[in-house]
Amino acid sequence: MLAEAPKPVSLGGPSGRGGQPASAGNAPLPPASRPAAPAERKEEPRRRTARNEAYYDTKSQVFSALIDTIDLSQLAKLDAESAREEIRDIVNDIITIKNFALSIAEQEELLDDICNDVLGYGPLEPLLARDDIADIMVNGSGNTFIEVDGKVIESEIRFRDNSQLLSICQRIVSQVGRRVDESSPICDARLPDGSRVNVIAPPLAIDGTALTIRKFKKDKLTLDQLVRFGAITPEGAAILQIIGRVRCNVVISGGTGSGKTTLLNCLTAYIDTDERIITCEDSAELQLQQPHVVRLETRPPNIEGEGEITMRDLVKNCLRMRPERIVVGEVRGPEVFDLLQAMNTGHDGSMGTIHANSPRECLSRMESMIAMGGFSLPAKTVREMISGSIDVVIQATRLRDGSRRITHITEVLGMEGDVIITQDLVRYEITGEDAAGRIVGHHRSTGIGRPNFWDRARYYNEDKRLAASLDAMEKMSE
């Protein structure tokens, strides 16, 4: 019967059972007012008063009655929209039968909360729906931070307790065949839209499960949009387009959150549609639009510690899959050796990203990663391999005001003695900051009129456009 006394339930697990009802002793709880739609959220979010215990007591009773009423096996057969409508109808009936005193706004909010708990990711749903959020950082059930416009601010979102937070994390990672629990407390996963997810659970996370989501925009950024944001000039964007099209081997370098993956996505848009591309990633994030793309993803070891597939395994295997271009989401270990080998053996136009703070440091890090892989090669041999494989290093930087800029487009020319020789085509120079604290600067040409990949550009009939872009940038610099 719907009128029976409520049972204690967990609002975070897939079935809703097994937790404790909300109480005054729990961590701070989500706010009362409903989050606005993405288009309405222009101002910085304000901290709002936490919901009172009565709201959670009502929600617990309604949720318990819903679980007793609904057939979860039948619900699983419906599509998301139909399932949400079915739940809303049943919850409305429960509220009417139990005669809860709720305003229309509170009832709508309760409906949304319960639908999110049953079908979605609970309190995370309003944040995931906003397209202006770049990162979501959950530090235990009581603290959630978000990054908006390059600045980290505290969100009003709260979880009922740590068990609800862990249940939602388990729901996220189970969708891509991974697990997170005490025996396997660290996990990388992804959301259906490609957003990157990292979970670290107790006992490693002392204050409760830590969840980090690097959100991807629903509308993928393009180079034209980067130009509008000031990340690069139109002439610099044209040079990047040419680099992407004429099959230069490219490494995108940058710090955490500098926009490396976004820039890699932008560059891959200029790959010809008749090329076969194979991507290798730890968690599949790249959104290539070409028709002939094969996506590969690493696999962690199982509970017995077996079955692990590393990035190096993927890169080595994709060489047997007749790729024309290999795109590695992030190079962070000995797989850099196999990627360099691939670039040297006819897979021109391969790309990857690497964590480094400058183009010179990027090349040094590649050398270090090869040494970490146990390859006992002379330093000069390694440098010759790097200089012979990499054509262009593009440096992305997140500045202290939160803005992101492409600060260097650098060519790798070759070796002079034991040193790798590079030359900058474009540099970003900071000139100061405005009254609002935003950094002011401009992209300058270094005056190179004939870059090292000129012959490659001429082969693809892009030499005239390249010359025009370089000339225009040089005039602007003057």
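Trainee: Which residue stands opposite cysteine 187 in E5?

Mentor: Strands of a sheet pair through backbone hydrogen bonds, either parallel or antiparallel. In this predicted model, cysteine 187 has valine 199 of E5 opposite to it. Another such pair consists of isoleucine 186 and its bridge partner in E5, isoleucine 200. Strand E4 and strand E5, residues 196-200, are joined over 5 bridges in the antiparallel sense.

Trainee: What lies between the two strands of the hairpin of E4 and E5?

Mentor: The hairpin has 5 residues between its strands, and glycine 194 there takes a positive phi near 95°.

Trainee: How should I read the two faces of E4?

Mentor: In a regular strand the side chains alternate between the two faces of the sheet. For E4, Cys187 and Ala189 make up the covered face, while Ile186, Asp188 and Arg190 make up the uncovered one. Strand E6, residues 210-214, can be read in this way: Leu211 and Ile213 form its covered face, and Ala210, Thr212 and Arg214 its uncovered face.

Trainee: In what order do the 6 strands of the open sheet follow one another?

Mentor: The order is E3-E2-E1-E6-E5-E4, with antiparallel pairing. Strand E3 (151-154) and strand E4 (186-190) are the edge strands, and each pairs on one side only. From one strand to the next, the twist averages 15°.

Trainee: How many bridges join E5 to E6?

Mentor: There are 5 bridges between these antiparallel strands. Asparagine 198, for instance, has threonine 212 in E6 as its bridge partner. On the other pairing to consider, strand E1 (residues 133-139) is also joined to E6 in the antiparallel sense, over 5 bridges. Here asparagine 139 is partnered by alanine 210 of E6.

Trainee: Which residues does the cis peptide bond join?

Mentor: The bond links proline 202 and proline 203, with omega about 10°. Proline 203 belongs to the loop between E5 and E6.

Trainee: Where is arginine 322 found, and is it buried or exposed?

Mentor: Arginine 322 sits in the loop between H10 and strand E10 (325-328). Its phi is positive, about 50°, although it is not a glycine. Arginine 322 counts as exposed because its relative accessibility of 58% is over the 50% cut-off.

Trainee: What is the phi of asparagine 461, and where is the residue found?

Mentor: Asparagine 461 is a residue other than glycine with a positive phi, near 60°. The loop between helix H14 (454-459) and helix H15 (463-477) contains asparagine 461. With a relative accessible area of 65%, asparagine 461 is exposed.

Trainee: How is the open sheet of 9 strands arranged?

Mentor: Its order is E9-E8-E10-E11-E7-E12-E13-E14-E15, and the pairing is mixed. Strand E9 (293-297) and strand E15 (439-445) each have a single partner strand, so one side of each lacks a neighbour in the sheet. Neighbouring strands of this sheet are turned by 25° against each other on average, direction ignored. Within E10, isoleucine 326 is the bridge partner of isoleucine 278.

Trainee: Finally, which side chain makes a polar contact with that of serine 163?

Mentor: The side chain of aspartate 161 does, at 2.7 Å. Serine 163 lies in helix H6 (residues 162-174) and is partly exposed, with a relative accessible area of 37%. Its C-alpha atom is separated by 9.0 Å from that of glycine 208, 45 residues apart along the chain.

How values were computed: Residues numbered from 1 in each chain as written. Predicted model: local features only at pLDDT ≥ 70, side-chain atom pairs only at ≥ 80, totals over all residues. Heavy atoms only, no water. Helix = DSSP H or I, 4+ residues; strand = E, 2+ residues; numbered from the N terminus. Buried < 20%, exposed > 50% of the residue type's maximum accessible area, 1.4 Å probe, protein only. Polar contact = N/O pair within 3.5 Å; in protein donor to acceptor, adjacent residues only side chain to side chain. Pairing = 2+ DSSP bridges. Axes fitted to C-alpha atoms, helices over the stretch in contact; angles between N-to-C directions.
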